[in-house]
Amino acid sequence: MDTERPPHLRTPGTTPEGAAPPGGARLGGTPPPINALAELVADLISATGLVPADKLALVRGAAGPGSLAQALVDQEVASSEGIARTLAARYHMPLVDLALTGVSEQAAKEIPLHVLERLIAIPYALGNGMLSVAIADPGNIQAIDELRIATRHQVELGVAAKEDILTEIRRLARASEAFGARAAVDEELALQLEEEAEGDDLEVDDGISDAPLVRLVNSVIFQAAEDGASDVHFEPQEDTLLVRFRVDGVLQEVQRIPKRMMAGVTTRLKVLAKLDIAERRKPQDGRISLNAAAAGRLLDIRVATLPTVEGESIVMRLLDKSRRAPTLTELGLSDEMRMRLEAIIRKPTGALLVTGPTGSGKSTTLYAALSEINRAEINIITVEDPVEYRLTGVNQVQINPRAGLTFATALRSILRSDPDVVMVGEIRDGETAKISIEAALTGHLVLSTLHTNDAPQALTRLNEMGVEPFLVGAAVSAVLAQRLARKLCTHCCELYTPSVDELLNARVTPEVAAAADGMAFYRKRGCPRCGQTGYKGRIGVYQLLEMSETIETLAVQNVSREEIERAAIGEGMRTLWDDGLAKVASGLTSIEELARVSL
């Protein structure tokens, strides 16, 4: 939208109205003593009255010395950007949005990286002998003095969000490491690594080594972890090795590694995944466990190789073992659907099936449901491939087909372990389907996933897998179908009024298009914060089919999907498209994105 930017998007060189010009922390009165940032932040927040005094007192009590600002962010009382805005106003310094201004490579080199890491500062611009530096703590006079000593240029200070500064510092460290690795790797080293991959030079335990090519591979993985990528693709081309990340469900090119380094990179990844480096003619699967401390993530990586005409392609699926499972509220369910789903999962028996294509967030939804009902009085056991989240108090089983531990065999053993709730990662075959449905009929609550396009089709799919129709009607409590749509970037999305033709091109029905004529929607634009994509993050689009007497009767009669859908819509079920349109109208996503992910 072409409107004035809010304060938190103010660019360097602008100051709050009436503020003194920037230049140092000594502006705007006498600053507090060193390490008094926590007290200053508390006083400023208390003065606004936006945070209740009792809640602020609890946060202060939980925070250690000087860590109140971080405690406020961790407990979601304040945002990192909000704290930076408050401090910038207090010290009469410009507020810097690093995502918008960017960080000049030339400026970043003016101060050693280890100094920036220790002081939490980042130089972002250099011109006319003036070095612009963003800092997180304008009250730390000692750090400011050290910054001035570390460069020959005059320093102009601004305040930026701590998380933004740390992100840029990690990016610089990663780029420096990758550059050094590339400079050290030549054709001779690549050939040597290919021939001696089983030697002592490759540390396979933790994935960390001083070898230049190893550092290059690590930098790619750490960058993927920090960017929140779910998959990393190493794709051999005619003259290069293409690296792509899947972020928010969409692939984006990250870098191109020279052809001469392709064999070394491939060998390194196969050694980490404990694969046969001599076998290049057939696909292989393996795993890597890696502590990506630089990105704050504990990763379990699934590795799959595939022979292509240009060489071996490698795809890595990144699973973050350190992240927490989301809540039902965070999934993006409407209030009405969330309350209905909560009532379903609190029943002692029955089956809840979550359906959708691969990568639509089905497992995440099941984890959110388990987190909602997890308590000491019940025994919850899961069987998964792989275990994506670690849940305290839940017994989680990882299947191992090589050892004969499949979903079906694990499920049979689980039912002999006195469970109250059973979560089956995926119903892949008729045997697993029959055991799961029978378990739901014998006093257990069963949660599982299934690959179908919508909720009504799940009932017919179970019949096709060999489950008797009368069992399906009696056991299934509800089916939740879902998709994941990218969320519009809140920093750059713009308001517009689509024409009827635009809506029809986005596959909106003529009736809905006519009703929406003249209605204002949001669309993507693109900015540095979202990587010019216009989207940042994802939100679920859902369809909930609850089993009623009518639907159960139809399921027992083994009718078609269309008949079940008509009956369910007649009883109030919304389609995926209806739920998506509600999110478009709320400004959460766009018509184009909804058309991309929905039926």
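Residues are numbered from 1 along each chain as its sequence is written. Because the model is predicted, local features need pLDDT of at least 70 and side-chain atom pairs count only at pLDDT 80 or more, whereas totals for chains, interfaces and linings use all residues, and side-chain values use heavy atoms, with hydrogens and water left out. The mean pLDDT (the predictor's confidence in each residue, from 0 to 100) is 81 for the protein, with 80% of its residues reaching 70 or more. Over residues 186–190 the pLDDT is below 50, and this stretch has 7 contacts (heavy atoms within 4.5 Å) beyond near neighbours in sequence.

An open sheet with mixed pairing is formed by 7 strands in the order 12-11-13-14-10-15-18; helices (H or I, at least four residues) and strands (E, at least two) are DSSP runs numbered from the N terminus, and two strands pair if DSSP finds at least two bridges between them. Strand 12 (395–398) and strand 18 (535–546) each have a single partner strand and stand at the edges, so one side of each lacks a neighbour in the sheet. From one strand to the next, the twist averages 20 degrees, with axes fitted as lines to C-alpha atoms, for helices over the stretch in contact, and angles running from 0 to 180 degrees between N-to-C directions. Strand 15 (residues 476–488) runs antiparallel to strand 18 and is joined to it by 10 bridges, and the bridge partner of A481 in strand 18 is Q543.

Helix 23 (residues 576–585) lies across strand 15 and strand 18, at about 140 degrees to strand 18. Helix 14 (residues 362–373) lies across several strands, including strand 10 (350–355) and strand 14 (445–450), and runs at about 165 degrees to strand 14. I373, found in helix 14, is buried (under 20% relative accessible area, 1.4 Å probe, protein chains only), with a value of 3%. Not counting residues up to four places away in sequence, I373 touches I345, R346, I378, I380, V421 and L445.

Definitions and conventions
Buried means under 20% relative accessible area, exposed over 50%, partly exposed in between (1.4 Å probe, protein chains only).
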